[in-house]
Amino acid sequence: MKIVVAEDYNQMSRMAANLISAQVIMKPNCVLGLATGSTPIGMYNQLIEWYKKGDIDFSQVTSINLDEYRGLAPDNDQSYRYFMDTHFFNHINIDKKRTHVPDGLEPDANKVCRDYNKIITDCGGIDLQLLGIGINGHIGFNEPGTAFEKETHVVDLAESTIRANSRFFASLDEVPKQAYTMGIKTIMQAKKILVVANGKEKAQAIKDAFFGPILPKVPGSVLQLHNDVTLIGDKEALSLILDEIE
Ligand code: F6R
């Protein structure tokens, strides 16, 4: 595991964008596993800036997002499809047909999961998976207690996640209670994993995930078993592990 300490959010975003752009330059038709959330927004902005300068070409890239709320339409401004379109895809030359997010509107949840697993297999697996981490250690929407061997599945969101996400909705009641997520097994099958984290509220989750015991109650702890993980965090997010890595 490689841990990189960034001075601040901007530096974290630039460093993460560098790894993504290196992946795209080395393998123009690569498969990127992408994440939503507030953490990667700066990284997406940086990639857009480099794309506009002509430094990166996304025309052959395939993307597979980690997760989506169950029941939200793609044009709902809280859906993860909408997030990806507005924060990233609409501003670069990726072919939208090659951008994948679980179908929030399909009534048959098993079909959504089956189809998503097939998309991942058919495109040959994920070259580089981007992850944020929840304050409870979740990755994707794999909440504490999720079995490590799961592939794409539907989850009941933890109360703490619903509360954390409610800042994006008009009220707590409007936050969907279920979501689709790539499973931990799927995430672990990615060839490379990049975790980004900023802010002191992530410090405990980072310590538990990267230096604690490997247990389903801290989903991110499974990453210790992957052989190519890079964690890029700002000083606040890494504050509780600085002693371990210096
Ligand atoms: C997003 C995702 C989540 C977030 C995590 C951190 O697609 O799967 O696991 O990465 O909740 O979210 P932020 O970045 O908003 O703190």
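**Labels and their cut-offs**

Author: With 246 residues, a compact globule would have a radius of gyration near 18 Å, and the 17 Å of the protein agrees with that. The radius is taken over C-alpha atoms, and the globule rule is 2.2 Å times the number of residues to the power 0.38. This is a predicted model, in which local features need pLDDT of at least 70 and side-chain atom pairs count only at pLDDT 80 or more, while totals for chains, interfaces and linings use all residues. Residues are numbered from 1 along each chain as its sequence is written, and side-chain values use heavy atoms, with hydrogens and water left out.

Reader: How many helices and strands are there, and what makes a run count as one?

Author: The protein has eight helices and 10 strands.

Reader: Why is H100 called buried?

Author: Buried means under 20% relative accessible area, exposed over 50%, and partly exposed in between (1.4 Å probe, protein chains only). H100 has 19% relative accessibility, so H100 counts as buried. This residue lies in strand β5. Leaving aside neighbours within four places in sequence, H100 is in contact (heavy atoms within 4.5 Å) with residues including T62, I64, R81 and Y116.

Reader: And what makes A170 exposed?

Author: The relative accessible area of A170 is 70%, so A170 is exposed. Its place is in the loop between α5 and β8 (178-181).

Reader: Which residues of helix α3 are buried, and what do they pack against?

Author: In α3 (residues 80-87), the buried residues are Y80, R81, F83, M84 and D85. Among the elements that they pack against are β2 (31-34), α2 (41-52) and α5 (159-165).

Reader: What makes a set of residues a nonpolar core?

Author: A nonpolar core is a set of buried Ala, Val, Leu, Ile, Met, Phe, Trp, Tyr and Cys residues joined through side-chain atoms within 4.5 Å. The largest one here has 59 residues, and L47, F58, F88 and L223 have the most contacts inside it. A second, separate core of 10 residues includes Y69, L72, V155 and L157. In soluble globular proteins, nonpolar side chains tend to be buried together.

Key
Helix = DSSP H or I, 4+ residues; strand = E, 2+ residues; numbered from the N terminus.
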